[in-house]
Amino acid sequence: MISWEDFEKVELRIGTIIEVSEFPEARKPAYKLRIDFGPEVGTRKSSAQITDLYDPEKLLGRQVLAVTNFPPKQIGSFMSECLVTGITTDGGAITLMGTDHEVSNGQRLI
């Protein structure tokens with residue numbers, strides 16, 4: 001079990017995907033994403049293994065929930081600056097976490 005204070009340390013924020021590119025050098029199929037988290041956080045890059053369910057053009061403009069206060073992580077030649085959240089389907093694909101209704105970029109999960 002973690003405390004409420006521990007949970008409050010994790011910054012889970014909503015951002016809008018503004019750029020998607022292929023990541024052919026990744027070990028598992030993935031996209032490189034650039035996500036706008038609003039003026040407080042700015043834009044961040046992330047690698048996401050979501051190619052089974054999502055085409056790049058369908059990801060643009062989509063809001064996603066991401067952890068924005070992890071340290072950057074080197075993934076091959078790419079530096080990931082946030083962790084996009086998702087759930088594994090029964091078939092093993094990743095489905096993204098987001099909102100049912102548009103909210104301002106940078107809003108924190110409460």
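Let me begin with a term: two strands pair if DSSP finds at least two bridges between them, and the strands (E, at least two residues), like the helices (H or I, at least four), are DSSP runs numbered from the N terminus. What we have here is a predicted model, in which local features need pLDDT of at least 70 and side-chain atom pairs count only at pLDDT 80 or more, while totals for chains, interfaces and linings use all residues. Residues are numbered from 1 along each chain as its sequence is written, and side-chain values use heavy atoms, with hydrogens and water left out.

Let me start with the strands. Strand E1, residues 12-22, pairs with strand E2, residues 31-36, in the antiparallel sense over six bridges, and within that pairing Glu-19 has Arg-34 in E2 as its bridge partner. E1 also pairs with strand E4, residues 63-67, again antiparallel, over five bridges, where Gly-15 is bridged to Val-64 in E4.

Now to one residue, Ser-77, which sits in the loop between strand E5 (73-75) and strand E6 (78-80). Is Ser-77 buried or exposed? Ser-77 counts as exposed because its relative accessibility is 56%, where exposed means over 50%, buried under 20% and partly exposed in between, with a 1.4 Å probe and protein chains only. Leaving aside neighbours within four places in sequence, Ser-77 is in contact (heavy atoms within 4.5 Å) with Phe-23 and Glu-25. Finally, Lys-32 lies 45 residues from Ser-77 in sequence, and their C-alpha atoms are 11 Å apart in space.
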